[in-house]
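Have the viewer open and follow along.

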Amino acid sequence: MNKKIAVIKGDGIGPEIVSEAVKVLDKAAEKYAHTFEYTQLLMGGCSIDVNGVPLTDETIAACKASDAVLMGSIGGDTTTSPWYKLPANLRPEAGLLKIRKELGLFANLRPCLLYPQLSGACPLKEEISSNGFDMLIMRELTGGLYFGERRTEEVDGVMTAVDTLSYNENEIRRIAIKAFEVAMKRSKKVTSVDKANVLDSSRLWRKVVTEVAADYPEVTLEHMLVDNTAMQLVKNPAQFDVMVTENMFGDILSDEASMITGSIGMLPSASMNETKFGLYEPSGGSAPDIAGQNKANPIATILSAAMMLRYSFDMTDEADAVDAAVKQTLNDGFRTGDIMSDGCKMVSCSEMGDLICERI
Ligand code: NAD
């Protein structure tokens with residue numbers, strides 16, 4: 001297969017971690033006889049330096065002309081970088097919000113997997129973490145409370161603030177379909193999280209998700225209230241496969257889930273639209289404290305590239321091979337500084353990329 005990949009290395013550790021992910025993609029392409037064509041694009045601080053804005057229309061057009069986007073991270077040290085003296089709409093992060101909107105990326109996918117080799121970094125009790133867990137949180141990204149009407153005004157002499165949580169059935173249906181499609185490629189279980197005992201928007205959410213489930217008889221659907229889900233995540237995280245939820249619940253639950261995996265350098269993510277198009281990036285930021293030192297952990301970006309193979313290109317064997325190579329490299333005792341533990345061998349960012357390539 002021939003695929004076009006837009007590559008946004010970004011700022012800080014971005015160029016280092018993306019180079020390793022591209023190395024891994026090239027190795028997978030060689031092994032499975034594919035051709036990946038890369039278009040290098042600027043976004044974030046590096047685009048401000050060259051173009052005066054964090055994201056140009058040309059970059060958006062080039063992303064749209066590609067089959068998927070691989071991104072590093074953007075932004076600099078928010079206290080010392082001159083980028084943060086600019087107005088908010090010209091700062092590096094403004095590019096992130098704009099690209100998500102322009103590309104119609106409404107579904108955010110965050111796998112949270114506890115590698116047995118790293119279970120020491122999990123803050124849960126050993127009797128819970130020793131079971132391991134492997135879940136994917138799918139968060140609706142463009143609707144709900146964060147995008148509803150809001151206002152602050154004085155009502156009868158009292159300052160009053162109002163935020164609105166609104167979803168229509170089409171917004172719910174498209175993310176529910178995405179969740180079931182992803183579950184079909186995993187362990188075929190969907191947990192839909194809502195607050196249907198209180199909120200109208202959650203009652204509609206539950207109704208539409210249940211309707212969509214009828215088209216996926218192989219997938220088990222369960223509904224769970226958000227407060228219970230927050231408890232279950234720390235009590236028995238192994239029960240979850242795909243969890244689908246609205247924007248604000250997903251914001252909170254995905255951070256809770258990422259904490260119990262232990263390391264930010266291990267967490268991939270994807271944002272997708274209605275087609276197979278997606279933007280793939282590590283969950284962490286640009287880590288200005290270690291940028292340019294070949295110290296960063298490239299695994300989150302490499303796993304994001306594996307998600308691209310799986311969800312945008314339908315290359316399941318290739319994605320499995322990358323995931324397995326990461327596990328094998330950890331099994332063999334290699335670690336970057338952020339996940340280092342006694343008895344392991346510390347390697348650089350580029351060495352980690354090489355070791356993973358050797359195991360594909
Ligand atoms: P950060 O994630 O960049 O760093 C937090 C800590 O985690 C640091 O100690 C860093 O060294 C470490 N870390 C992060 N990724 C790592 C990796 N791959 N390997 C090893 N260690 C890693 O968060 P921050 O310091 O709050 O933000 C720094 C900059 O990144 C800011 O400008 C912020 O706006 C930006 N940011 C960008 C994105 C994105 O591009 N999507 C996301 C979050 C933050």
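## A buried arginine

Is Arg110 buried or exposed? This is a predicted model, and in it Arg110 has a relative accessible area of 15%. Arg110 is therefore buried, as the cut-off for that class is under 20%. You will find Arg110 in strand 4, which runs over residues 107–113.

Have a look at the partners of this side chain. A polar contact of 3.4 Å links the side chain of Arg110 to that of Asp255. Setting aside neighbours within four places in sequence, the residues in contact with Arg110 include Met135, Leu136 and Ile137. Also among them are Ser254, Asp255 and Ser258, together with Pro268, Ser269 and Ser283.

## The chain as a whole

Stepping back, the protein chain holds 12 helices and 14 strands. Its C-alpha trace spans about 60 × 50 × 40 Å along the principal axes. The radius of gyration is 21 Å, which agrees with the value near 21 Å that a compact globule of 360 residues would have.

Buried residues account for 52% of the 360 residues in the protein chain. The accessible surface is about 15700 Å², and carbon and sulfur atoms contribute 52% of that surface. If you count contacts between residues at least 6 apart in sequence, 75% of them join residues at least 24 apart.

## The ligand and its shell

For Tyr84, an N or O atom in the side chain is 3.0 Å from a ligand oxygen atom. For Ser286, a backbone N or O atom is 3.0 Å from an oxygen atom of the ligand. On its own the ligand has 820 Å² of accessible area, and the protein covers 67% of it.

Ser73 belongs to strand 3 (residues 68–73). With a relative accessible area of 4%, Ser73 is buried. Beyond residues up to four places away in sequence, Ser73 touches Lys9, Gly10, Asp11, Ile13, Gly14 and Ile17, among others. Its contacts also include Gly284, Gly285 and Ser286. Pro92 is 19 residues from Ser73 in sequence and 10.0 Å away in space, C-alpha to C-alpha.

At 22% relative accessibility, Ala287 is partly exposed.

## Another positive phi

Lys188 also has a positive phi, of about 65°, although it is not a glycine. Look for Lys188 in the loop between helix 6 (169–184) and strand 8 (189–194). Its relative accessible area of 28% makes Lys188 partly exposed.

How accessible is Thr229? Thr229 has 0% relative accessibility, so it counts as buried. This residue lies in helix 8 (residues 226–235), and a polar atom of its side chain is 2.8 Å from the backbone oxygen of Leu225. Leaving out neighbours within four places in sequence, Thr229 is in contact with Val193, Met224, Phe240, Met243 and Leu253.

Helix 4 (residues 92–102) contains Ala94. Ala94 is 41 residues from Val53 in sequence, yet their C-alpha atoms are 9.2 Å apart. Aside from neighbours within four places, Ala94 is in contact with Pro54, Ala88 and Asn89.

Finally, helix 12 covers residues 349–358, and its buried residues include Cys349, Met352, Gly353, Leu355, Ile356 and Cys357. What do the buried residues of helix 12 pack against? They meet helix 1 (14–32), helix 10 (299–312), helix 11 (316–331) and strand 13 (334–335).

Methods. Residues are numbered from 1 along each chain as its sequence is written. This is a predicted model: local features need pLDDT of at least 70, side-chain atom pairs count only at pLDDT 80 or more; totals for chains, interfaces and linings use all residues. Side-chain values use heavy atoms; hydrogens and water are left out. A polar contact is a pair of N or O atoms within 3.5 Å; within protein, one must be able to donate a hydrogen and the other to accept it, and residues adjacent in sequence count only if both atoms are side-chain atoms. Accessible areas come from the Shrake-Rupley method with a 1.4 Å probe; for residues, only the protein chains shown count as cover. Helices (H or I, at least four residues) and strands (E, at least two) are DSSP runs, numbered from the N terminus. Buried means under 20% relative accessible area, exposed over 50%, partly exposed in between (1.4 Å probe, protein chains only). Contact means heavy atoms within 4.5 Å. The radius of gyration is taken over C-alpha atoms; the globule rule is 2.2 Å times the number of residues to the power 0.38.
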